[in-house]
Amino acid sequence: MRFSDTPACLGIDVELFFTEEKGSYPYLNHVKRICNTCPVQEECYNYAMDNLVHGIWAGTTMEERNRYRSKHGIIGKTVLPASMFIDVTYEQTV
Ligand code: SF4
């Protein structure tokens with residue numbers, strides 16, 4: 001995934017975007033303020049809607065995106081971790 005401009009969250013602790021406690025996001029309001037200043041918010045939102053990503057993206061929570069998808073019959077794609085595509089087999093050299 002590449003964005004057309006520099007995201008407002010670049011360099012900000014990612015834990016703010018992914019920390020969940022008892023079904024809620026303790027930093028949600030802070031993160032929403034960051035996202036609302038972001039020049040790539042629309043691209044970020046589209047990516048998060050197209051893919052079943054966790055956490056807060058474009059100021060929306062996963063639950064908000066799931067509700068929107070469900071209401072509008074949108075099926076998101078599951079994103080596999082990059083490690084799934086790395087070939088971990090190798091020959092040992094002595
Ligand atoms: S809109 Fe997306 S890219 Fe921009 S700050 Fe929020 S999470 Fe980061």
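Helices are DSSP runs of H or I with at least four residues, numbered from the N terminus.

Before moving on, note what is loaded. This is a predicted model, in which local features need pLDDT of at least 70 and side-chain atom pairs count only at pLDDT 80 or more, while totals for chains, interfaces and linings use all residues. Residues are numbered from 1 along each chain as its sequence is written.

**Stop 1: helix α4.** Step back to residues 62-72. Helix α4 is hardly covered: one of its eleven residues is buried. Buried requires 20 or more other C-beta atoms within 10 Å of the residue's own; exposed means 12 or fewer, partly exposed lies in between, and C-beta atoms are placed from the backbone.

**Stop 2: the ligand.** Select Pro7, Ala8, Cys9, Ile34, Cys35, Cys38, Val40, Gln41, Cys44, Trp57 and Ala58, the residues around the ligand. Each has its C-beta atom, placed from the backbone, within 6 Å of the molecule. Colour by element: α2 (28-35) and α3 (41-50) are the ones giving two or more residues to this shell. Now colour by type. Ten shell residues are nonpolar, one is polar and none is charged. Here Ala, Val, Leu, Ile, Met, Phe, Trp, Tyr, Cys and Pro count as nonpolar, Asp, Glu, Lys and Arg as charged, and the others, Gly among them, as polar.

**Stop 3: the core.** Select Tyr25, Val31, Cys35, Cys38, Cys44, Ala48, Ile56, Trp57 and Ala58. These nine residues form the largest nonpolar core, a set of buried Ala, Val, Leu, Ile, Met, Phe, Trp, Tyr and Cys residues joined through C-beta atoms within 7 Å. Again, α2 and α3 each give two or more residues. Centre on Ile56. Beyond four places in sequence, Ile56 is in contact (C-beta atoms, placed from the backbone, within 7 Å) with Phe17, Tyr25, Leu28, Val31 and Thr61.

**Stop 4: two positive phi values.** Most residues other than glycine have a negative phi. Go to Ala58, in the loop between α3 and α4. Its phi is positive, near 55°. Ala58 counts as buried because it has 20 C-beta neighbours inside 10 Å. Then jump to Lys22, in the loop between α1 and α2. Lys22 has a positive phi of about 55°. Lys22 has 5 other C-beta atoms within 10 Å, so it is exposed.

**Stop 5: Arg2.** Finish in the segment before α1 (15-18), where Arg2 is found. Arg2 is exposed because its C-beta neighbours inside 10 Å number 5. Draw a distance to Cys44: the C-alpha atoms are 9.7 Å apart, across 42 residues of chain.

Methods: Contact = placed C-beta atoms within 7 Å.
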